[in-house]
Amino acid sequence: IYYGADDNGSGTSALMEIAEAVVSNNTAPKRGFLFLAVSGEEKGLLGSKHYVKTPFIPLSNTVADLNIDMIGRNAPDSVYIIGSNMISQDLHEINEYAASRMDQIFLNYRYNSKDDPKRFYYRSDHYSFAQFGIPIVFYFAGVHEDYHKPTDTVDKINFEKLEKVSRLIYLTGWGVANNNTRPRKNAGKIPSLPDQIKY
């Protein structure tokens, strides 16, 4: 049995908690939220690719995509941020501001490069949205010795970290939803899939 506690039980749990926080807020956001739990990422981003081909809301009305994939392990006070400034510097700054309102959360940009050898920017569901020029942030805590193994069990999840990263994502989403303007796109070409990555 592959329990998948971190990959991606942690992201799915965060999604549900953030959704509950949004609907429990006494103030309605200016923009709506759409919560997607897609599957088939390891087979080639199948769920997110299907969604962008047949979206529930027109992609032209999709302001940003915040992708949560594996946030329950590794360094307790940090999370990798990938892609936040690649399409929209505005989104990057909203995420930075959200982090500044929290205690003890470090945003690590180690893998925030289109040319990083591990190619994380191209390997999770945010990339399906990025290809359409939708600003994205990928929240990721890194791989570990239990990655894609039956030993990825719930007893190894750091729930304090999971709560902290979930709060960061909620605050970023709330900031995007309530900003007077949608995140502006940077000048330049939308990133394309490098030849080295095949799905």
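Helices (H or I, at least four residues) and strands (E, at least two) in these legends are DSSP runs, numbered from the N terminus. The model shown is predicted: local features need pLDDT of at least 70, side-chain atom pairs count only at pLDDT 80 or more, and totals for chains, interfaces and linings use all residues. Residues are numbered from 1 along each chain as its sequence is written, and side-chain values use heavy atoms, with hydrogens and water left out.

**View A. H126 sits in helix α4, which covers residues 126–130.** Look for the polar contact of 3.1 Å between the side chains of H126 and N67. A polar contact here is a pair of N or O atoms within 3.5 Å; within protein, one must be able to donate a hydrogen and the other to accept it, and residues adjacent in sequence count only if both atoms are side-chain atoms. Leaving aside neighbours within four places in sequence, H126 is also in contact (heavy atoms within 4.5 Å) with residues including D65, F120, Y121, I136 and F138.

**View B. Strand β4 is mostly covered, with five of its five residues buried.** Both faces take part: I136, F138 and F140 lie on one side, V137 and Y139 on the other, and all are buried. Strand β1 (residues 65–68) pairs with β4 in the parallel sense over four bridges, while β2 runs antiparallel to β4 and is joined to it by three bridges. Two strands pair if DSSP finds at least two bridges between them.

**View C. The largest nonpolar core has 26 residues.** Such a core is a set of buried Ala, Val, Leu, Ile, Met, Phe, Trp, Tyr and Cys residues joined through side-chain atoms within 4.5 Å. Among the residues with the most contacts inside this core are I18, I71, V79, Y139 and L168. At least two core residues come from each of α1 (5–24), β2 (78–82), α3 (89–100), β4 (136–140) and α5 (159–178). Helix α5 gives the largest share, seven residues. A second, separate core of 20 residues includes M70, F120, Y122 and A130.

**View D. Helix α5 has 20 residues and a cap at its N-terminal end.** From first C-alpha to last, α5 reaches 28 Å, close to the 28 Å expected at 1.5 Å a residue; the expected span is 1.5 Å times one less than the number of residues. The cap is N158, with a side-chain oxygen 3.1 Å from the backbone nitrogen of E160.

**View E. The structure holds 12 aromatic pairs.** Rings of Phe, Tyr and Trp (its six-membered ring) pair if their centres lie within 6.5 Å; planes under 30 degrees apart count as stacked, over 60 as edge-to-face and the rest as tilted. The F33 and F35 rings are stacked, because their centres are 5.9 Å apart and their planes are at 10 degrees. F33 is partly exposed, with a relative accessible area of 30%, and F35 is partly exposed at 30%. Y122 and Y127 have ring centres 5.3 Å apart and planes at 65 degrees, so this pair is edge-to-face; both residues are buried. Finally, ring pairs link Y80, Y111, F120, F138 and F140 into a cluster.

Terms used:
Buried means under 20% relative accessible area, exposed over 50%, partly exposed in between (1.4 Å probe, protein chains only).
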